[in-house]
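Hello,

Here is the structure I promised to pass on to you. Have a look at it first, and then read on for what I found.

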Amino acid sequence: MRKLKQVNHLMGLLRPAVEDVQARHPNAVMVDAGSGNAYLGFVLYELFLKGAASGTLLSIEGRPDLTERAQGRAQRLGFTRMQFQTAHIDTAQYPERIHLLMALHACDTATDDALVAAIRHGADHVAVVPCCQAEVAAQLKEKRPVVASSGSMSLLYAHAWHRREFGSHLTNVIRALTLEAFGYQVTVTELTGWEHSLKNELILGRRVHRENRRARIQLERLLAETGVNPKLTRELGVKPAVSAAVETVSAPEPDASEDASEHVVTR
C-alpha cells in the first residue's frame, strides 16, 4: 500500500514530462528501470498510454519471477504496448532512443546505472528516486580528498552514522550535478512525506542543452575536494579536477550566446 501511494503521487509529478514527450514524440519510448512488480509501469500505462494510439513502455527487472508475473498481468489487461525484459539495469538492452526514463528505489549503484542509460540514450526526461546509497560512504572511509579545502571537512563523516548520511547526501548531489553537466535542467524535491518512506528524494531532469561546461567544472572540483568518484561519474568519464585546477580555476558564468546556439538541443 505504501509503495502504491508513492507511485500514485509520482504520477502527478511525472505528468508534465509524460505529456511533453507524448506531444513531441508520437511513438514515445518510456523505460522503467528496475521495475520490480511494475506498479509504476501499470499506473503510467493506464493513465497515459492506454488511450493513446502509440508509444511503448519497457519495464526492466533482474528477477525473472517478477518479470513473468508482470508480463502475465499485462496480457490479461490487454496492455499490448507494455514490454518486459529480464536484465540488470547495467546490462539491459535499451532502445536506441529513450524519451523518458524512470527508476523508483533502484538500490545503490543501480540508480547510477539508470542515469547512465538515460544520458547515453538521450532521454528527454529523467526521474529517479534513489535508495540505499552505500558506495560513496565506503569511498569516504577509504580515500582522502585530492585537495583539502578545510581541515575540518572530514569531521562531517568521521563517525560511521554520519558517513552513511553524508555519503547518501553527497551521492545525490553528484547525481544532480552530473545531470546538469550533461545538459539537464534539474529539480530535486520530496516524493512523499517521511511517514511513508525515508528514501523519498526525487531527482527530476529535463534535457535542455547538449552540455553545461560550468556544471562540469563544478562536478570535477567536487569530486576532487571530497575524494570520491562514484560509478556514475566513472562510467561517463568524469574525472576529479587536478590539484592546480581546483585551487585556481573558477567556474565561468554561463554565456548567453553559447546557451542560445552551441549547446541548445535541437529536437
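Gln139 lies in helix α5, which spans residues 135–142 (helices are DSSP runs of H or I with at least four residues, strands are E runs of at least two, both numbered from the N terminus). With a relative accessible area of 10%, Gln139 is buried (buried means under 20%, exposed over 50% and partly exposed in between, using a 1.4 Å probe and protein chains only). Apart from neighbours within four places in sequence, Gln139 is in contact with Val228, Asn229, Pro230 and Arg234, where contact means heavy atoms within 4.5 Å.

A word on the source: this is a predicted model, with local features needing pLDDT of at least 70 and side-chain atom pairs pLDDT 80 or more, while totals for chains, interfaces and linings use all residues. Residues are numbered from 1 along each chain as its sequence is written, and side-chain values use heavy atoms, leaving out hydrogens and water.

Now for the chain as a whole. It has 10 helices and seven strands, and 49% of its 267 residues are buried. Of the contacts between residues at least 6 apart in sequence, 77% join residues at least 24 apart.

One helix pair is worth a look too. Helix α6 (residues 160–181) packs with helix α7 (residues 213–226) at an angle of about 155°, and their axes are 8 Å apart (axes are lines fitted to C-alpha atoms over the stretch in contact, and angles run from 0 to 180 degrees between N-to-C directions). That makes the two roughly antiparallel, a term for angles over 145 degrees. Residues making the contact include Leu170 and Val173 of α6 and Leu219 and Leu222 of α7.

Enjoy exploring!

How values were computed: Parallel < 35°, antiparallel > 145°, perpendicular 65-115°, else oblique.
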